[in-house]
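Subject: Structure handover

Hello,

Here is the structure I said I would pass on. My notes on helix packing and backbone geometry follow below.

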Amino acid sequence: MRALLISIPLTILFASAPLADPLPSWTDTATKDRIIAFVEGITDPDSPDYVTPAARIATFDNDGTLWAEQPVYFQLLFAIDRLKEMAAADPGVLTSDVLRAAVEGDMETVAASGTEGLLEIVSTTHSGLTVDEFQAAVRSWLDTARHSGTGLAYDQMVYQPMLELLTYLRDEGFRTYIASGGGLHFIRVFSESAYNIPPEQVIGSIGNGSYSAGDGPPRVMKDPGLFFIDDKAGKPVAIEARIGRRPVIAVGNSDGDFQMLEWTTAGDGARLGILLHHTDSEREYAYGRESHIGQLARGLDEAASRGWLVIDMARDWERIWPSRE
C-alpha cells in the first residue's frame with residue numbers, strides 16, 4: 001500500500017480533498033463567490049490579474065464596516081460619558097448649550113448642533129491630556145461600557161464575517177489597514193485585539209497635538225481642535241500619504257467611503273470596491289439612504305455602474321457577531 005501511495009502524484013491524491021472555507025460565516029451567494037474568485041485571481045501567478053504580494057493592500061472603514069455604529073458612533077458615546085465625568089469634577093467645563101445637552105442626555109439638541117457641535121464635544125473630551133492618558137481612558141471605557149441594545153461590550157460588536165475576510169486576505173499575502181473617520185488614537189486602542197490590525201496600520205482623524213519635555217517626562221499631548229478629518233475626500237489623501245500605494249481592495253459602508261472606493265478602483269489592473277449595506281433589522285439594524293449615521297445613497301446608486309460589490313447583510317451573512325448566534 002505504501003508503495004502504491006508513493007507512486008500516485010500528490011495532485012491526484014489530494015484532488016478530491018475539500019478545501020477549508022475561508023469565509024464560513026458568509027452565505028453561499030454570488031457575493032461570497034465573487035470575493036473568493038477575485039482573491040484567487042490576483043494571487044495566482046499564472047493569472048493575468050496577478051498582483052505581487054508587495055502591492056496587496058486592503059483598506060477597511062471602521063464604523064459600520066468592521067464594527068457597528070448605531071444608534072450613534074461609539075466614539076461619541078465615549079466622549080459623552082467622559083464629558084459627564086469631567087463635569088462631575090468641574091461643572092465649569094460645560095461652557096455651551098451643546099455640552100450641557102450632551103451631559104443631560106438631550107440627543108436631539110446634540111444632533112441639531114450638527115458637525116460643529118459634535119466636534120466641540122470631541123475637542124473638549126479628547127484634549128488636555130497625553131496620548132497615553134487618553135488611550136488609558138478609552139481602554140477603561142471599553143472594559144466597562146455596554147451597548148444599550150445588545151448588552152455587549154462595544155469592542156465585541158465587531159462583525160464576524162469581516163473578521164474572516166480580514167484573516168482570509170492576510171493569509172493570501174495582503175496587508176490590511178483601517179481607514180476611518182474615527183479618531184486615530186481611539187481606534188488604535190482596540191484595533192489589534194479586535195481585528196489583528198496593529199496600531200501602525202490604522203489611519204484615522206487626527207486632533208491637534210504637541211510635544212513637551214521641559215517640565216516633566218517627554219510626552220505627546222492632545223490639544224484642542226482638529227488637524228485632519230479622515231473622511232470622504234480625505235481618505236484617499238491620507239491613504240496615499242501613509243501607505244504610498246493605492247489599495248487593491250477597499251471596503252466601506254457609507255457615502256463617506258465613496259472617494260476611497262472611487263480612487264481604489266480607478267487604479268490599473270484588477271481592483272475591488274466593496275460596500276456593506278445594512279439590511280438586517282432583526283439581527284442588527286436596517287439603514288442606508290435616509291440614515292443620520294452611515295448614510296448610503298450615492299454608493300448604492302453608482303455601485304453597479306462602477307463594478308462595486310454590495311454586501312446585503314441580511315442575505316449574505318449567516319451570522320453577525322462572534323459571540324452570538
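For the packing notes, axes are lines fitted to C-alpha atoms, for helices over the stretch in contact, and angles run from 0 to 180 degrees between N-to-C directions. Helices (H or I, at least four residues) and strands (E, at least two) are DSSP runs, numbered from the N terminus.

This is a predicted model, in which local features need pLDDT of at least 70 and side-chain atom pairs count only at pLDDT 80 or more, while totals for chains, interfaces and linings use all residues. Residues are numbered from 1 along each chain as its sequence is written, and side-chain values use heavy atoms, with hydrogens and water left out.

Helix 4 and its partners

Helix 4 (residues 74–89) packs against helix 7 (residues 114–125) at an angle of about 55°, the axes being 9 Å apart. The pair is therefore oblique (under 35 degrees is roughly parallel, over 145 roughly antiparallel, 65 to 115 roughly perpendicular, the rest oblique). Contact (heavy atoms within 4.5 Å) involves Leu76, Ala79, Arg82, Leu83 and Met86 of helix 4 with Leu118, Ile121, Thr124 and Thr125 of helix 7.

Helix 4 also packs against helix 5 (residues 97–104), at about 100° and with the axes 9 Å apart, so these two are roughly perpendicular. Here Ile80, Leu83, Lys84 and Ala87 of helix 4 meet Leu99, Ala102 and Val103 of helix 5.

Helix 5

In helix 5, Val98, Leu99, Ala101 and Ala102 are buried (under 20% relative accessible area; exposed is over 50%, partly exposed in between, with a 1.4 Å probe and protein chains only). Gly105, with a positive phi near 80°, follows helix 5.

Backbone exceptions

Most residues other than glycine have a negative phi, and most peptide bonds are trans. The Gln70 to Pro71 bond is cis, with omega near 5°; Pro71 is in the loop between strand 1 (57–60) and helix 4. Asn196 has a positive phi of about 60° and is partly exposed at 48% relative accessible area. Lys232 has a positive phi near 55° and lies in the loop between strand 5 (219–228) and helix 12 (234–243).

Regards
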